[in-house]
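Please have a look at the model on the screen, and then I will walk you through a few of its parts.

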Amino acid sequence: MSAVETQKQKLIEVRHLVKHFPIESSDDVVKAVDGISFDILAGETLGLVGESGCGKSTVGKCLLRLYEPSSGEVLFEGKNLVGLPNREMQLLRREMQIIFQDPYASLNPRLSILSIVAEPLKIHGIGNKTEQRERTGDLLKKVGLDPNYMHRYPHEFSGGQRQRIGIARALALNPKLIICDEPVSALDVSVQAQVVNLLQDLQTEFGLTYLFISHGLAVVEHISQRVAVMYLGKIVEIAEGRKLYDRPLHPYTKALLSAIPIPDPKQKRERIILTGDVPTPINPPSGCRFRTRCPWAIEDCARVVPELREIEPNHFAACIRVEGYDSAPAKLD
C-alpha cells in the first residue's frame with residue numbers, strides 16, 4: 001500500500017495531543033494526556049485500553065472537543081478541530097458522536113425516548129416532527145427495540161436497553177465516527193456480548209468507524225482491528241489486534257494480557273504481577289513512566305523518555321529495552 005493510499009484512508013489523525021487539568025489553588029496540573037499521536041482509519045475499530053485513570057476517556061472527549069485540548073492537533077478528514085470556530089465545529093458534530101459509559105446517567109429521565117433520540121435531529125434542523133418520529137422508530141428497530149417504546153421514559157428500561165437507546169441516539173445523524181467510551185463496562189456479561197455484536201453489525205451496515213475505549217481486554221480483542229495501550233497519559237504500544245495479543249512488546253502490555261482469565265483451568269499462563277500503585281499524573285516519574293512498576297527497568301529508564309517507534313511492520317512500542325528499538329526505522333509523529 002502506498003503512502004498516498006494510506007493517507008486517504010485516515011479518518012482521524014491525532015498529533016502530539018495534550019490535555020492538562022489545572023488544580024485549584026495550586027500551580028500544578030493533572031497531566032491526563034501528555035503528548036500522544038495515533039491514527040484511526042476509516043471503517044476500522046481502534047481499541048484503546050489501559051488501567052482506570054490512564055487518560056483513555058479524556059482522549060475520546062478531546063477528539064470530540066467535549067474537552068478543549070491544551071495543545072496538539074486532531075485532524076478529522078484533514079481538518080484540524082483544535083481551535084475551530086464553534087459554528088464550524090457544530091456542523092462537524094454531525095459526523096462524530098459518542099456512546100457514554102453509564103446508560104443510566106447518559107439519558108435525561110424527564111424526556112421520552114422519542115425526545116432523546118430525536119434531539120440531535122432537532123438541534124441540527126433535520127426533518128419535521130413526523131419525519132423525526134419515523135426516523136426514531138427506524139433507529140429503535142436497528143438497535144433491537146420495539147418502536148412502540150418511543151413514548152416511554154428511561155426508568156422503564158433495563159441497563160442493556162438503555163444502552164441500545166444511547167446507540168440509537170448516536171446513529172441519528174448518520175455519523176462517520178463514534179467514540180465508544182466503555183459502552184459495556186456497566187452491563188451484565190451476557191448483555192455485554194449482545195451490545196458488542198450489535199455494534200459490529202451496525203459498523204458493517206453503516207460503514208462506521210469506532211474508537212472503542214475499554215479496560216476489558218477480552219472485549220477489545222473481539223471487536224478491534226488495531227489496539228493502542230495507554231499508561232499514565234502516554235501511548236506505550238500500538239499494533240494490529242492479533243499481533244499485539246500474540247506477541248506484545250511492551251512490558252506493560254505483557255502484564256495486562258497476563259491478567260486475562262483463561263476459560264480452560266488446565267491451561268497455564270505466566271502471570272506478571274505489577275507491584276506498587278500507579279504514580280500520580282500530577283508528578284509522573286522521569287524517563288519512562290512505567291519504570292517504577294516495571295520488572296525489567298534499568299537505570300537508563302529513569303533518564304530516557306522512550307518514543308513510540310515502529311519496531312516491526314505496523315507494530316509500535318515505547319520501550320528502550322524492546323529488541324530492535326535502537327534501530328527502529330521510524331517513530332509515530
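Before I name any partners, let me say that two strands count as paired if DSSP finds at least two bridges between them. The elements themselves are DSSP runs, numbered from the N terminus, where a helix is H or I over at least four residues and a strand is E over at least two. What you see is a predicted model, in which local features need pLDDT of at least 70 and side-chain atom pairs count only at pLDDT 80 or more, while totals for chains, interfaces and linings use all residues. Residues are numbered from 1 along each chain as its sequence is written, and side-chain values use heavy atoms, with hydrogens and water left out.

Let me begin with confidence, where pLDDT is the predictor's confidence in each residue, from 0 to 100. The protein chain has a mean pLDDT of 92, and 96% of its residues reach 70 or more. Where pLDDT is low, the predicted coordinates should not be read in detail.

Now to the sheet: in what order do the strands of the open sheet of 4 strands come? The order is β2-β1-β4-β5, with antiparallel pairing, and β2 (29-41) and β5 are the edge strands, each pairing on one side only. Strand β1 (residues 10-22) pairs with β4 (residues 71-76) over 5 bridges, and there R15 stands opposite E73 in β4. Strand β4 in turn pairs with β5 (residues 79-80) over 2 bridges, with N80 in β5 as the bridge partner of L75. These two strands, β4 and β5, form a hairpin with 2 residues between them, and E77 in the turn has a positive phi of about 50°.

On that point, most residues other than glycine have a negative phi. H16, which sits in strand β1, has a positive phi near 55°. N174, in the loop between α6 (159-171) and β7 (177-181), likewise has a phi near 55°, a positive value.

The structure holds 15 salt bridges. R15 meets E13 at 3.9 Å, N to O, and R15 also meets D39 at 2.8 Å, N to O. Because R15 lies in strand β1 and D39 in strand β2, this pair ties together parts that are 24 residues apart in sequence. Both R15 and D39 are buried, and E13 is buried too, where buried means under 20% relative accessible area, exposed over 50%, and partly exposed in between, with a 1.4 Å probe and protein chains only. K10, E13, R15 and D39 are linked in a network of salt bridges.

Finally, which residue forms a salt bridge with E51? It is R293, with the closest N and O atoms 3.1 Å apart. The pair links distant parts of the chain, 242 residues apart, with E51 in the loop between β3 (45-49) and α2 (56-63), and R293 in the loop between α10 (251-258) and β11 (309-312). E51 counts as partly exposed because its relative accessibility is 24%, whereas R293, at 8%, counts as buried.

Note on methods:
Salt bridge = Lys/Arg side-chain N within 4 Å of Asp/Glu carboxyl O.
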